[in-house]
Amino acid sequence: MQTTSHDRLLIIDFGSQVTQLIARRLRELNVYCEIHPYQNVTDAFLKDFAPKAVIFSGGPASVIDEGSPRPPESVFDLDVPILGICYGQQVMMQMLGGKVERGHGTAEFGRAYVEPTGAESDLLFGWFVGGREQVWMSHGDHVSEIAPGFEVYGTSPNAPFAITADVERRFYAVQFHPEVHHTPNGPTFYENFVRIAGFEGDWTMGAYKDEAIAKIREQVGDKQVICGLSGGVDSSVTAVLLHEAIGDQLTCVFVDHGLLRLNEADEVVTMFRDHYNMKLIHADESDLFLGELEGVSDPETKRKTIGKLFIDVFQKYASEIDGAEFLAQGTLYPDVIESVSFSGGPSVTIKSHHNVGGLPEKMGLKLVEPLRELFKDEVRALGHELGLPASFIGRHPFPGPGLAIRCPGEITRDKLEILRKADAVYIDQIRRHELYDEIWQAFVAILPVRTVGVMGDGRTYDYACALRAVTSVDGMTADYYPFSHEFLGETATRIINEVPGINRVTYDITSKPPGTIEWE
């Protein structure tokens, strides 16, 4: 099981929607951690994983219910610091001899304030400086009696045991969520916990790069590797890391489906074939993709058509590479976490996602996934370590189906050409105003309607378009970027003047949820 030589912190997941935020906070402190569902954490797992500390996440269940989630009893015998958060606090109290009761007027959801009791602990260093701390609560049940050996360090109006600890055993438990943005001093809380646990903060991208290169060489040996290259951050970092590790044993396949942004194919080919001197196959299959998409307007059909064609095309070109035994993918840690269902049941599919899933089984290839332990921001940091240009590392996310899902309704070559030009003007505007790095993702969608306009003395009947720009941390939630009216007016004028075929520009101010970032 050991995937790293660093000290490791184990996060036992009980189904919280914000468990990933715990891991992100710890990684920001240069602490290596992994999230594992409680069902997978057995006595044998704990022995093999050998964590230096453990965190119990929150969760939607009630510890009072029969069969509610539990960690193994042996976790309390590891002689390592343990932190229980929300449900994690309740399960810790219940298992160690305390009591938990139903809400009965003590439920707490949203912002709350925790007051100190006067008891001191290293966990609270830098806390209660102003007399109380703002925190984020989300609990129905509450601890009514703390377990033997625990002391109370903080209280809130509806959580009399908001912060408790058994300092001798280094067991800590809080009813609130220190990982969320609405607990402003939460990072300090985690910093104190990892200091108590003795972590040295040695999880750096420089160290990770060297370890990853060594692992790739050990796994691959002298065999050939194929990498699907899209030009996005994940696949670009994967390709450069592999090239540094194994050189000419790597061949990248860049599938051009005709749904890329303006000049994007040329930029990717120039960057990787010429600058990095990689073996690169430029598979221009735009006629195939656009032919199959002709007359298709349903967004799910678009995505599935593109996904199937991508696999077929990738497989065709990959089969021409002699001796290939490995397929490299830019799988990230959130992908790994989300592939393990907490409840074991199906989750709602909002959109089909297009990637190279399914290829190893069809092609008989083994997977190389050098980024599978990293979050997105860590991938960007690794890209810096590898010397990738900042313009590539900082690129906004771009969907696998490309412009197909920014073209609601039927896709035509003419509409794609209009969309490419409008998008290029919009992004140029954002860069000119030095806003690009403040925005998570920005793009233009061409709408499936024509509108009447006046240009010069003539009547026009052209397409309308929508500008979209959002701020986000991880893409799970997002809010629209608050451009000034001056910026929007200037951008609309440029698009209408410079892009034949568009005579009306709108700005999408929908957040996620209820909307999604992309239009389809």
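Ser235 touches Cys227, Gly228, Leu229 and Ser230, leaving out residues up to four places away in sequence. In this predicted model, Ser235 lies in helix α6. Its relative accessible area is 10%, and the limit for a buried residue is under 20%, so Ser235 counts as buried. The side chain of Ser235 also has a polar atom 3.4 Å from the backbone nitrogen of Gly231.

Ser230, one of the residues that Ser235 touches, belongs to the loop between β12 and α6 (233–246). Is Ser230 buried or partly exposed? Its relative accessibility is 42%, a value between the 20% and 50% limits, so Ser230 is classed as partly exposed. Apart from neighbours within four places in sequence, the contacts of Ser230 are Ser235, Phe254 and Val268. A polar atom of the Ser230 side chain lies 3.1 Å from the backbone nitrogen of Gly232. Both serines therefore place a side-chain polar atom by a backbone nitrogen, Ser230 at 3.1 Å from that of Gly232 and Ser235 at 3.4 Å from that of Gly231.

The UniProt record, an unreviewed entry, carries the annotation "binding site" for this stretch. According to that record, the annotation covers Ser230, Gly231, Gly232, Val233, Asp234, Ser235 and Ser236.

The next topic is the sheet to which β12 belongs. Five strands make up an open sheet with parallel pairing, in the order β14-β13-β12-β15-β16. Which strands stand at the edges? They are β14 and β16 (366–368). Each has a single partner strand, so one side of each is left without a neighbour in the sheet. From one strand to the next, the twist averages 30°.

Helix α9 (residues 299–318) packs on this sheet and touches β12 (224–228), β13, β14 and β15. The direction of α9 makes about 140° with that of β13.

At one end of the strand order, β13 (residues 250–256) and β14 (residues 279–284) run parallel and are joined by 6 bridges. Between these two strands the chain passes through helix α7 (residues 264–275), and this β-α-β crossover is right-handed. Within the pairing, Thr251 has Lys279 in β14 as its bridge partner. At the other end, β15 (residues 324–328) pairs with β16 in the parallel sense over 3 bridges. Here Phe326 has Lys366 in β16 as its bridge partner.

Glu28 and Pro187 are 159 residues apart along the chain, with their C-alpha atoms separated by 9.0 Å. With a relative accessibility of 46%, Glu28 counts as partly exposed.

The remaining points concern backbone geometry. Cys86 has phi near 55°, a positive value in a residue other than glycine. Cys86 is placed in the loop between β4 (82–85) and α3 (87–96). The relative accessible area of Cys86 is 4%, so Cys86 is buried.

Arg170 is not a glycine either, and its phi is positive at about 60°. Arg170 is found in the loop between β10 (159–166) and β11 (171–174). At 25% relative accessibility, Arg170 counts as partly exposed.

Where do the cis peptide bonds described here lie? One joins Lys512 and Pro513, with omega about -15°. Another joins Pro513 and Pro514, with omega about 15°. Pro513 is in the segment after β20 (502–507), and Pro514 is also found in the segment after β20.

How values were computed
Residues numbered from 1 in each chain as written. Predicted model: local features only at pLDDT ≥ 70, side-chain atom pairs only at ≥ 80, totals over all residues. Heavy atoms only, no water. Pairing = 2+ DSSP bridges. Helix = DSSP H or I, 4+ residues; strand = E, 2+ residues; numbered from the N terminus. Right-handed = clockwise from strand over helix to strand, strands pointing away. Axes fitted to C-alpha atoms, helices over the stretch in contact; angles between N-to-C directions. Contact = heavy atoms within 4.5 Å. UniProt positions renumbered as here; feature names shortened; annotations may be inferred. Buried < 20%, exposed > 50% of the residue type's maximum accessible area, 1.4 Å probe, protein only. Polar contact = N/O pair within 3.5 Å; in protein donor to acceptor, adjacent residues only side chain to side chain.
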